[in-house]
Amino acid sequence: MARAFLAAADTANSPWTGHDTQVLVVAAVGIAIVVLLIVWLKMHAFLALTIGALFVGIGSGIALNKVTGSFETGVGGVLGYVGILIALGAMLGKLLADSGGADKVVETLLRGRPATLPWKMALIAGIIGIPMFFEIGLVLLIPVVMLAVRRTNGPAMRLGIPALAGLSVLHGFIPPHPGPLAAIGILNANVGVTLALGLIVAIPTVIVAGPLFSILAARMVPIGAAGAALAVTGGTTAAASPAAVGRSGGGSAKGKKANAPAGTGETRAQDPDATGTPSFAITLVTLLSPLVLMLIKAAADVWMAKGNPFHPLLDFIGDPVVALTVAVLLAMVTFGTGVGFSANVLTKKIGQSLLPIVGVMLIVGAGGGFKQVLVDGGTGIAIAKIAVAASLSVLLLGWIVAVLIRLATGSATVATVTAAGIIAPLAGGLDPVHLSLVVLAVGAGSLFFSHVNDAGFWLVKEYFGLTVGQTIKTWSVMETIISVMGLLLTWLLFAIL
């Protein structure tokens with residue numbers, strides 16, 4: 001993939017053409033069509049994204065007999081990977097909730113001052129996000145976040161935004177995530193230096209975009225537990241009432257389980273038929289098992305020679321799909337038979353776990369298809385030409401190119417790889433520290449303002465039960481804060497180091 005986008009980046013210095021103007025106009029109109037169909041006509045997001053993608057494909061000049069192929073390639077590319085992770089994550093989340101494991105985690109998190117809970121969420125997300133892709137971390141954290149929202153009867157965004165910020169920052173800045181790794185390879189940067197500087201940039205960025213911004217986000221969108229994530233944890237959708245907002249900033253007391261302890265007012269996710277509860281230690285081991293497997297793979301990639309006979313094995317077991325499959329199999333014991341569920345009950349629960357996320361998967365896939373027709377139509381190349389024409393420092397140019405391609409195509413990885421390829425000739429003379437900072441600036445730009453052409457936008461929207469407008473006010477603004485903070489911090493380090 002990197003070679004393909006490097007080849008496309010080579011055309012960024014070519015003259016501006018009428019086709020470039022055409023694809024930019026078509027992209028803008030296509031995005032507007034998607035928003036209008038969803039917001040005004042209340043059309044299902046999957047159908048709206050499909051219509052928008054077909055319009056963009058035709059309007060961008062893609063051959064009529066290849067438009068649907070481009071869309072299908074994008075859908076398949078996302079569902080072939082993200083779809084599997086969503087399904088496995090939903091299975092793990094269902095078993096975690098019904099066994100009482102999620103209750104154990106939330107009870108541990110709720111110890112101490114309530115004001116520290118958003119900070120704990122950001123910390124956990126940051127730790128999980130080091131080796132895990134954004135989508136994997138999200139499906140693992142969703143049951144814990146939503147149950148904590150239900151238990152505290154508070155606004156979902158107060159806990160959701162810190163978790164999302166921790167995952168997103170690590171995805172954009174820290175290897176072994178695909179975007180940073182690709183940029184490191186293209187710019188010939190040092191992995192260790194980039195990792196160290198990335199952590200320095202990531203920590204204050206997570207603090208500002210996570211726990212601090214979540215205060216404002218919870219006021220702008222004062223909803224309680226809702227969406228597909230609530231269905232996975234066994235609750236019922238409920239929006240925050242004005243009274244609840246006045247008391248605690250949001251949330252709802254609805255959706256409490258029948259087996260909540262009398263008089264406590266607590267919401268518990270555990271299935272009443274469970275005869276036992278996994279300990280906190282067992283719960284933690286099960287949840288962290290994919291994390292450990294992927295960390296082993298990441299360590300092998302950095303420190304083990306490619307010719308080592310154990311390298312293929314570690315690559316295999318550390319693959320996200322394999323790691324999550326292992327976690328689900330382990331959970332069938334620790335969260336299944338270990339708490340009294342029979343094999344038949346386990347099979348039924350795993351089947352039930354997939355029902356709430358079918359719509360999510362289709363919408364996320366359609367978002368990937370919409371992104372692909374933008375890329376195939378040449379929108380990214382047109383954006384790159386505009387950026388290259390400006391006389392800017394290599395760090396700022398890398399950020400701007402990544403921002404524009406991110407806005408146009410919706411893909412953080414496409415934006416990172418393309419922007420790195422465009423600025424590679426300009427970054428050739430930089431020392432390792434400044435080269436790594438350029439990598440981080442490009443990664444920051446690739447996260448800017450996620451919107452309707454980004455599959456992640458729809459994933460967050462459906463999991464948290466948000467409207468398009470609410471998703472923009474929370475998730476999209478959070479991504480923009482991360483991007484701008486990343487630029488400011490890398491620029492400061494570039495100036496003083």
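Helix 7 (residues 134-152) and helix 22 (residues 455-464) pack at an angle of about 15°, with their axes 12 Å apart. The two are therefore roughly parallel to each other, a class that takes angles under 35 degrees, whereas those over 145 count as roughly antiparallel, 65 to 115 as roughly perpendicular and the rest as oblique. Helices here are DSSP runs (H or I, at least four residues), numbered from the N terminus. Axes are lines fitted to C-alpha atoms over the stretch in contact, and angles run from 0 to 180 degrees between N-to-C directions. The crossing of helix 7 and helix 22 is right-handed, that is, the near helix is turned clockwise from the far one by less than a right angle. On helix 7, the contact (heavy atoms within 4.5 Å) is made by Phe-134, Glu-135, Leu-138, Val-139, Ile-142, Val-145 and Met-146; helix 22 contributes Leu-459, Val-460, Tyr-463 and Phe-464.

The model is predicted: local features need pLDDT of at least 70 and side-chain atom pairs count only at pLDDT 80 or more, while totals for chains, interfaces and linings use all residues. Residues are numbered from 1 along each chain as its sequence is written, and side-chain values use heavy atoms, with hydrogens and water left out.

Helix 22 also packs against helix 23 (residues 468-496), at an angle of about 110° and with the axes 10 Å apart. That angle makes helix 22 roughly perpendicular to helix 23. Here Gly-456, Phe-457, Trp-458, Val-460 and Lys-461 of helix 22 meet Val-468, Thr-471, Ile-472, Trp-475 and Ser-476 of helix 23.

Helix 23 also holds Thr-490. At 0% relative accessibility, Thr-490 counts as buried; the term means under 20% relative accessible area, with exposed over 50% and partly exposed in between (1.4 Å probe, protein chains only). Beyond its neighbours within four places in sequence, Thr-490 is in contact with Val-201, Leu-395, Leu-437, Leu-440 and Ala-441. Thr-490 and Val-439, 51 residues apart in sequence, are 9.5 Å apart in space, C-alpha to C-alpha.

The largest nonpolar core has 144 residues, and Trp-458 and Phe-464 have the most contacts inside it. Such a core is a set of buried Ala, Val, Leu, Ile, Met, Phe, Trp, Tyr and Cys residues joined through side-chain atoms within 4.5 Å. Helix 7 gives the most to this core, with 13 residues. Residues up to four places away in sequence aside, Phe-464 touches Ile-142, Val-145, Met-146, Met-157, Gly-160, Leu-164, Ile-223, Ala-226 and Gly-227.

Turning to charged pairs, the model has 7 salt bridges, each a side-chain nitrogen of Lys or Arg within 4 Å of a carboxyl oxygen of Asp or Glu. In one of them, Asp-98 pairs with Lys-349, the closest N and O atoms being 2.9 Å apart. Asp-98 lies in helix 4 (residues 64-99) and Lys-349 in helix 16 (residues 343-354), so the pair ties together parts that are 251 residues apart in sequence. Lys-349 also forms a salt bridge with Asp-271, at 2.5 Å between the closest N and O atoms. Because Asp-271 lies in the loop between helix 12 (242-248) and helix 13 (280-303), this pair ties together parts that are 78 residues apart in sequence. Asp-98 and Lys-349 are both buried, and so is Asp-271. Salt bridges that share partners join Lys-94, Asp-98, Asp-271 and Lys-349 into one network.
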